[in-house]
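Here is a friendly briefing to keep beside your viewer. Have a look at the fold, and then walk through the points below.

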Amino acid sequence: MYKKCLILFISICMLFSLTSCMNNSSKDSSSGKIKVVVSFNAMKEFAYAIGKDKINIINMTPNGTEPHDFEPKTRDIEALVDADIFIYNGLGMESWTSKTLKSINNKNLIVVEASNGANIIKNTDAGEIKEHGAYDPHLWISLKGAELEAKNIKNSFVKADSKNKSFYEKNYNTFKNQLDELYSTYNEKFKTTENKNFVTGHAAFAYLCKDFGLKQESVEDVFAEGEPSTKRLSELTDFCKKNKVKTIFVEDMVSPKVSKTLAKEVGAKVEKIYTVESKEDGKNYIEAMKSNLEMIYNSLK
Ligand SMILES: [Zn+2]
């Protein structure tokens with residue numbers, strides 16, 4: 001009887017240590033994949049480019065939701081409790097992050113601020129600074145910015161799952177090469193255009209402009225909130241006429257009505273541009289950026 005009890009006791013101990021061991025490993029025990037939670041679509045694009053089938057991604061911001069206005073729901077917070085890695089852009093894009101992270105208990109969570117180490121563009125408008133903080137968050141809409149964010153994300157995957165290091169390194173290098181190739185192609189093209197100005201829905205393209213020496217004017221201010229003032233609209237109309245702007249770019253989630261009005265006013269056509277804040281037209285990051293660059297280039301030619 002004593003022996004039986006001892007065996008039972010040892011078995012329970014073994015079972016217990018086995019389950020606790022499984023809980024401690026940074027892998028989803030059912031699928032063997034790293035559990036990654038991302039704040040919005042661009043972060044998902046980078047995470048997927050590097051992690052592919054070795055990760056499970058939960059995107060907090062549903063498609064079609066403007067991430068600038070997003071606040072996490074209970075289910076997002078639950079996902080974070082259960083996650084191995086949390087990836088967010090930073091630079092004030094997700095103002096809820098520090099409060100949310102403080103409210104959860106997950107001491108093994110690897111937190112990645114993807115913009116860490118970036119050359120930051122500061123907001124200059126006093127109203128913008130008061131409302132949204134000191135920095136322009138749209139780093140991911142730059143090929144150079146994407147390279148940095150992807151690298152930070154890659155490093156976190158290597159940390160969480162070191163035995164697949166070469167897999168993540170290889171995918172990162174492939175992605176980086178695609179970015180570099182796109183950059184060289186359009187860097188050459190933009191050198192040939194005298195006109196450097198284009199007009200967008202919301203001023204999300206400052207980092208992209210920096211990549212290529214371009215200049216954006218926007219129908220809205222840096223963040224996708226509210227309608228532009230009458231004064232701003234008449235300034236834009238003058239700008240478009242003076243700079244012979246032939247194309248006004250519109251975004252899915254940002255007041256296309258105002259952009260269309262402006263386009264009509266100055267006799268420009270309306271084209272779609274992607275901010276990658278949401279998944280649009282089934283395009284991945286490289287495809288969306290290639291389309292953006294080609295559209296901008298055509299509008300400047
Ligand atoms: Zn934006």
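Predicted model: local features only at pLDDT ≥ 70, side-chain atom pairs only at ≥ 80, totals over all residues.

The buried residues of H2 are Asn41, Ala42, Met43, Glu45, Phe46, Ala47, Ala49, Ile50 and Gly51, where buried means under 20% relative accessible area, exposed over 50% and partly exposed in between, using a 1.4 Å probe and protein chains only. Residues are numbered from 1 along each chain as its sequence is written, and side-chain values use heavy atoms, with hydrogens and water left out.

**Helix H2 and its surroundings**

- Nine of the 11 residues of H2 are buried, so the rest of the structure largely encloses this helix.
- Its buried residues pack against strands E1 (34-38), E2 and E3 (85-88), and against helices H6, H7 (165-191) and H11 (285-300).
- H2 and H7 pack with their axes 7 Å apart, at an angle of about 125°; that makes H2 oblique to H7.
- For that geometry, axes are lines fitted to C-alpha atoms, for helices over the stretch in contact, and angles run from 0 to 180 degrees between N-to-C directions.
- Angles under 35 degrees count as roughly parallel, over 145 as roughly antiparallel, 65 to 115 as roughly perpendicular, and the rest as oblique.
- Where H2 meets H7, Phe46, Ala49, Ile50 and Gly51 face Phe167, Tyr168, Asn171, Tyr172 and Phe175 in contact (heavy atoms within 4.5 Å).

**Two lysines with positive phi**

- Just after H2, lysine 52 takes a positive phi of about 40°, and this residue is found in the loop between helix H2 (41-51) and strand E2 (55-59).
- Lysine 52 counts as partly exposed, at 33% relative accessibility.
- Lysine 244 has a phi near 50°, again a positive value in a residue other than glycine.
- The loop between helix H9 (230-242) and strand E7 (247-250) holds lysine 244, which counts as exposed at 64% relative accessibility.

**The zinc site**

- His68 (NE2), His138 (NE2), His202 (NE2) and Glu277 (OE) coordinate the zinc ion at 1.9 to 2.2 Å.
- Donors are N, O and S atoms within 2.8 Å of the metal (3.2 Å for Na, K and Ca); water is not among the atoms, so sites may look incomplete.
- The arrangement is tetrahedral because the four donor atoms subtend angles of 101 to 115° around the zinc ion; four donors count as tetrahedral if all angles lie between 85 and 135 degrees.
- Along the sequence, the donor residues are spaced H-x69-H-x63-H-x74-E.
- Histidine 138 and histidine 202 are both buried.

**Isoleucine 296**

- Isoleucine 296 lies in helix H11 and is buried, with a relative accessible area of 0%.
- Beyond its neighbours within four places in sequence, isoleucine 296 is in contact with Phe190, Phe198, Leu208, Leu214, Phe249 and Ile273.
- Its C-alpha atom is separated by 9.4 Å from that of glutamate 271, 25 residues apart along the chain.

**Confidence**

Note on methods. Tetrahedral: all angles 85-135°; square planar, octahedral: opposite > 155°, others 65-115°. Helix = DSSP H or I, 4+ residues; strand = E, 2+ residues; numbered from the N terminus.
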